[in-house]
Amino acid sequence: MKKQNLFLLMAAIGIFPVALSYGFLPSFLFGVEMNSVEMINIFRAIMGLYTAMGIFWLMAAFNSKLTQAGLYSLVAFMGGLSIARILSINFDGMPNAILLGYTATELLLASVAYWFIKQENDQKQRQEMIAGEA
């Protein structure tokens, strides 16, 4: 298994507990009052979104035709989350330690996925240059 695929596999495995925490333990982990059906519905939808992304990354980990798309989706998803959390820290204040950990992890995962994409693109560019010289 290539490094990119192993990375996608690890990201997929790691996101499932996070998804479950949003769907079933938001009051306990995040200190959020779940006092309406609408609030519960929003958190369960977030759980579904995280789960769907995890399933796609799992598929991309085992299907080389999906690897690049998996990496791009990971950059967009984790990058978007980390940027939104950083903006929230600046506008709303410091969240609890769990959410700070999520922010750091999301930023790290987005950066690593971007690095893998850049490596792949650089390698393709080198191969095209070599083929053009032949």
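The lining of the largest pocket comprises eleven nonpolar, two polar and one charged residues. Here Ala, Val, Leu, Ile, Met, Phe, Trp, Tyr, Cys and Pro count as nonpolar, Asp, Glu, Lys and Arg as charged, and the others, Gly among them, as polar. The model is predicted: local features need pLDDT of at least 70, side-chain atom pairs count only at pLDDT 80 or more, and totals for chains, interfaces and linings use all residues. Residues are numbered from 1 along each chain as its sequence is written, and side-chain values use heavy atoms, with hydrogens and water left out.

H4 gives the largest share of this lining, five residues. Helices (H or I, at least four residues) are DSSP runs numbered from the N terminus. A pocket is an open set of points on a 1 Å grid over the protein atoms alone, where a 1.4 Å probe fits, with protein on both sides within 12 Å along at least five of seven lines; lining residues have an atom within 4 Å of a point.

The structure holds two salt bridges, each a side-chain nitrogen of Lys or Arg within 4 Å of a carboxyl oxygen of Asp or Glu. Arg85 and Glu106 form one of them (2.8 Å, N to O). Arg85 lies in helix H4 and Glu106 in helix H5 (residues 97-133), so the pair ties together parts 21 residues apart in sequence. Arg85 is buried at 15% relative accessibility, and Glu106 is buried at 5%. Buried means under 20% relative accessible area, exposed over 50%, and partly exposed in between (1.4 Å probe, protein chains only).

Asp122 pairs with Lys118 at 3.4 Å between the closest N and O atoms. Asp122 is partly exposed at 27%, as is Lys118 at 41%.

Terms used:
Helix = DSSP H or I, 4+ residues; strand = E, 2+ residues; numbered from the N terminus.
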